[in-house]
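Student: I am new to this structure and would like to explore it with you. Could we go through it step by step?

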Amino acid sequence: MDASPDLQREVDRIVAEMEERSYCIIPSVISPEKADEARTILERLLEAEATEVSRAAKTQRVGGIAVKHPIFIELMAHPLIVAIWKQYLDNDVICSTWTANTSYPGFGTYKWHPDFPYQWLNYPWPESRISGQTIWLLDDFSEENGGTGILPGSHRTGHRPPADMIDKWHPDGEILTGVRGSVMVYHGATWHTARPNNSDKPRSALLGMYTRPCYITQEDMLAQLRFIANPSDIVRQLMGAKRFQPGIVSNR
Ligand SMILES: O=C(O)CCC(=O)C(=O)O
Ligand SMILES: [Fe+2]
């Protein structure tokens, strides 16, 4: 990694905490004003894309955000976040999925789960690092509005959460709280759960999964790259332009 000594020290600290506790909260990666700017842009997309289903579910996902506004490309390729995943995964890291998730007042929960691609992996899960998730807080997260629930150390279990725990709160669970503009990073195998929004306002986050380029991505990022004018080198890398593309071995 080509980083200044200060950035390198910060990245080492974050990676060590993630390795030990599954996750790390990094306060105020961007200012509240910048988070407000991103949330205001997201609010326009939420309004334009809302459906009967999203209204009834009280949760709404906005996909393809990289092509919907440049601010989302900027955050996907934020230097600190890229440095963390380069260190944690490898320099050839790519982005697997980059979406927004909003829970509205009255939203319930999701069950405890690991993120993609762990639900597809045979047991025991490989110990090598496959993926890492990034949650950008676009609102202040609290226990009341449904800060994400996380089970520290769960990335070391090597398996999915057992069926008898997935819809109950775990006594060792911790709740992601923080001011907007903060970011939580976690090992992709970490057990976590979306929590009820008992406040009277929506709660929005951006979710960016990063992975090694030898794994299939959750979304087709390369298809989205085609719609981005003048992408930087790191944006091209993150969106898969440099990854190995399978071909046919010629018989020569
Ligand atoms: O929004 C959250 O709190 C978590 C969402 C989540 O876990 C997911 O979308 O996989
Ligand atoms: Fe998740």
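Predicted model: local features only at pLDDT ≥ 70, side-chain atom pairs only at ≥ 80, totals over all residues.

Student: Which angle lies between the planes of Trp-85 and Tyr-210?

Tutor: The ring centres of Trp-85 and Tyr-210 are 6.1 Å apart. Planes under 30 degrees apart count as stacked. The Trp-85 and Tyr-210 pair is stacked, with an angle between the planes of 15°.

Student: Where in the chain do Trp-85 and Tyr-210 sit, and how many residues apart are they?

Tutor: Trp-85 belongs to helix H6 (residues 79-88), and Tyr-210 to strand E9 (residues 203-211). The pair therefore links distant parts of the chain. Their separation is 125 residues.

Student: Is Trp-85 buried or exposed?

Tutor: Buried means under 20% relative accessible area. Trp-85 has 0% relative accessibility, so Trp-85 is buried.

Student: What kind of pair do Phe-107 and Tyr-110 form?

Tutor: Their ring centres lie 5.9 Å apart, and their planes meet at 85°. Planes over 60 degrees apart count as edge-to-face. The pair is therefore edge-to-face.

Student: How many residues of H6 are buried?

Tutor: The buried residues of H6 include Leu-80, Ile-81 and Val-82, and Trp-85 and Tyr-88 are also among them. H6 is largely enclosed by the rest of the structure, because its buried residues number 7 of the 10.

Student: Which ring has the charged end of Arg-129 over it?

Tutor: The charged end of Arg-129 is 4.1 Å from the centre of the ring in question. Tyr-88, a member of the ring cluster, is also a buried residue of H6. The ring under Arg-129 is that of Tyr-88.

Student: At what distance from the ring centre of Trp-169 does Arg-195 lie?

Tutor: Arg-195 lies over the face of Trp-169. The distance to the ring centre is 4.3 Å.

Student: Which residues are the protein donors of the iron ion (ligand 2)?

Tutor: The donors lie 2.1 to 2.2 Å from the iron ion. Their spacing in sequence is H-x1-D-x76-H. The donor residues are His-113 (NE2), Asp-115 (OD) and His-192 (NE2).

Student: Is Asp-115 buried or exposed?

Tutor: His-113 is partly exposed, at a relative accessible area of 21%. For Asp-115 the relative accessible area is 12%, so Asp-115 is buried.

Student: How much of ligand 1 does the protein bury?

Tutor: Among the residues surrounding ligand 1 are Arg-61, Asn-101, His-113, Asp-115 and His-192. A polar side-chain atom of Asn-101 lies 2.8 Å from an oxygen atom of ligand 1, while polar side-chain atoms of His-113 and Asp-115 each lie 3.1 Å from an oxygen atom of ligand 1. Taken alone, ligand 1 exposes 290 Å², of which the protein buries 93%.

Student: Is Pro-124 buried or exposed?

Tutor: Pro-124 is found in the loop between strand E3 (94-103) and strand E4 (131-137). Pro-124 and Asn-101 are 30 Å apart in space, C-alpha to C-alpha. With a relative accessible area of 69%, Pro-124 is exposed.

Student: What phi does Ser-22 have?

Tutor: Most residues other than glycine have a negative phi. Ser-22 lies in the loop between helix H1 (5-21) and strand E1 (23-26), and at 0% relative accessibility it counts as buried. Although Ser-22 is not a glycine, its phi is positive, about 80°.

Student: How many residues separate Arg-180 and Val-29 in sequence?

Tutor: Arg-180 sits in the loop between strand E6 (174-175) and strand E7 (183-187). In space, Arg-180 and Val-29 are 9.1 Å apart, C-alpha to C-alpha. In sequence, the separation of Arg-180 and Val-29 is 151 residues.

Terms used:
Residues numbered from 1 in each chain as written. Chains lettered and ligands numbered in written order. Heavy atoms only, no water. Donors = N, O, S within 2.8 Å, 3.2 Å for Na, K, Ca; no water. Buried < 20%, exposed > 50% of the residue type's maximum accessible area, 1.4 Å probe, protein only. Phe/Tyr/Trp six-rings, centres within 6.5 Å; stacked < 30°, edge-to-face > 60°. Helix = DSSP H or I, 4+ residues; strand = E, 2+ residues; numbered from the N terminus. Lys NZ or Arg CZ within 6 Å of the ring centre and 35° of its normal. Near = heavy atom within 4 Å. Polar contact = N/O pair within 3.5 Å; in protein donor to acceptor, adjacent residues only side chain to side chain. Areas by Shrake-Rupley, 256 points an atom, 1.4 Å probe, with all protein chains shown as cover.
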